[in-house]
Amino acid sequence: MMRLSDTDLRISVLAVTHHKMEERENFPDFQSDPVLTDRQWSNVQDPEMDKYPTTPESSNGKSQQPAAIPPLPTAEPAVAETPEKETAFLPVLKNRNFLALWSGQIFSQLADKVYLVLTIALVASRFQAPDQTISRWVSAIMIAFTIPAVLFGAAAGVYVDRWSKKAVLVVTNLLRGGLVLTLPLLLWLSDGFELGQLPLGFCLLLLVTFLVSTLTQFFAPAEQSVIPLIVERRHLLSANSLYTTTMMGSVIIGFAVGEPLLALADNLFSNLGGGLGIGKELLVGGSYAFAGVLLLSMKTGEKTEVEHEPPHPLADLKDGLRYINDQPKVRNALIQLIILFSIFAALAVLAVRLAEILPGMRASQFGFLLAAVGVGMAVGATTVGYLGHKFSHSQLSLIGSVGMAVALMGLSAFTHHLWISVLFITMLGLFASLVGVPMQTTIQAETPEEMRGKVFGLQNNATNIALSLPLALAGVAETFLGLPTVFLALAGLAIAGGVLTWYISRSTNSKVDRI
């Protein structure tokens, strides 16, 4: 029998390898979904290639060309069959796992914001003296709520990568609900006692606030990491339209409707025969607990194997920072989201002053202005869900940033015209969705599963800081510079973020700038 020399064998192997690479390059979905394509390729291409010998030699010892490879059962129908309705909200809303996550998110994040309103109401009714201002009490509450976000926000993501994300979502909600529901008992038991110069009940309130905020740091990255596990890649933009709008809307709507919701809960509980005055705590704690129950029905498809390797928080945190530094798309998306949250946090403060100077409004009616932002975000999210797939993420971000800048400049020029201001505020919410949704989708699509907890933990840390600083600085800036000037400064910040996104997208090549 004829024996091939080493040179002949290398030539034969190279020929077959070259043939396989040509087939791989012509694979219909290779560019659109490289991860899925690799899986399809290994399951489909390899069995077919196994039918052919690596040495193209016939039985009579003469070399012959391989027979034509039969057509592969590729995913052409799935690629070709991408009607526009698949990129809208219908497939996402038909996804039971996403519905469970989204429903849990609504109750959980609203409870987060209403909880702050609850603490202020408890301070005003139990601890504030008639001759005192409430500012120092509220400042202590805000510090207790912010410290965990700064200290644990990034580190929490390290552990989320190693734990069951569904378990994290369920347990953190149930624990937060339990902590809030224990507040009436703790305040009753500590009544009349002091710790140093402070009432013991207020110290316990600070402790509960600290613990609730700490648990929130684990909930946020787990929630963001689950979305790519339960939503198909081509539906990520629609899913994030709902997720991001809910996340930003909770900041605005939660603060705006918190007080009337708590008052309604107290009245309702009193009418039902409960004279203990704990309706507010039942509302907030019950919302957390209900979110946990809703999330129990979610199936994430995570591996159930136990992770035996102990976590290395510092090393894993460095890995997350290194990954963000090496991925300009992810890094820029984080910057865009930080800018976006900073603008909305500042708006939550400036809306009070704007309502005060607008004709026909009072400062206490600022919730009407914030509700207009929520309407705009809902319209924007719907627009992105239906039409966003026609544009790249950088294009959407640039359009949204320019639109936000125009809306803020309009607010600067018409601070004494009610309906014009409402129009520009609504526009601000609409264009904000064009920035937030694609940027969140970019982070999810660019980040591998084993890095998502770390990256989203760092994002949660950064956005919490971004929310805290404007809340403290916006009022001071308005006092010294005036409302129009502050709005113009925010407009400059918005346009700078959009230009940065566009520039980085032009200078880097990304496979997921359009999904």
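Close-up 1. I443 lies in helix α16, where helices are DSSP runs of H or I with at least four residues, numbered from the N terminus. The model is predicted, so that local features need pLDDT of at least 70 and side-chain atom pairs count only at pLDDT 80 or more, whereas totals for chains, interfaces and linings use all residues. Residues are numbered from 1 along each chain as its sequence is written, and side-chain values use heavy atoms, with hydrogens and water left out. With a relative accessible area of 0%, I443 is buried (buried: under 20% relative accessible area; exposed: over 50%; partly exposed: in between; 1.4 Å probe, protein chains only). Apart from neighbours within four places in sequence, I443 is in contact with V330, A333, L334, L337, V455, F456 and Q459, contact being defined as heavy atoms within 4.5 Å.

**Close-up 2. Packing of helix α13 against helix α16.** The axes of α13 (residues 328-357) and α16 (residues 418-446) come within 9 Å and cross at roughly 150 degrees; axes are lines fitted to C-alpha atoms, for helices over the stretch in contact, and angles run from 0 to 180 degrees between N-to-C directions. The two helices α13 and α16 are therefore roughly antiparallel (angles under 35 degrees count as roughly parallel, over 145 as roughly antiparallel, 65 to 115 as roughly perpendicular and the rest as oblique). Their crossing is left-handed, a term used if the near helix is turned anticlockwise from the far one by less than a right angle, with right-handed used if clockwise. Residues making the contact include V330, A333, L334 and L337 of α13, and M439, I443 and E446 of α16. By class, the contact of α13 with α16 has 14 nonpolar, five polar and two charged residues; Ala, Val, Leu, Ile, Met, Phe, Trp, Tyr, Cys and Pro count as nonpolar, Asp, Glu, Lys and Arg as charged, and the others, Gly among them, as polar.

**Close-up 3. Packing of helix α7 against helix α9.** Helices α7 (residues 165-181) and α9 (residues 200-230) have axes that come within 8 Å and cross at roughly 155 degrees. Accordingly, α7 and α9 are roughly antiparallel to each other, and their crossing is left-handed. The contact involves, among others, V168, L169, T172 and R176 of α7, together with L211, L215, F219, E223 and V226 of α9. In the contact of α7 with α9 there are 14 nonpolar, four polar and three charged residues.

Close-up 4. F202 is in helix α9 and is buried, with a relative accessible area of 2%. Beyond four places in sequence, F202 is in contact with V123, F127, W137, A140 and I141. F127 is 75 residues from F202 along the chain, yet their C-alpha atoms are separated by 7.3 Å. T214 is also found in α9 and is buried at a relative accessible area of 15%. Residues up to four places away in sequence not being counted, T214 touches P148 and F152.

**Close-up 5. Polar contact of Q109 with E223.** Q109 is found in helix α5 (residues 96-126) and is buried, with a relative accessible area of 8%. The side chains of Q109 and E223 are joined by a polar contact of 3.2 Å (a pair of N or O atoms within 3.5 Å; within protein, one must be able to donate a hydrogen and the other to accept it, and residues adjacent in sequence count only if both atoms are side-chain atoms). With neighbours within four places in sequence left aside, Q109 is in contact with E223, T246, M247 and S250.
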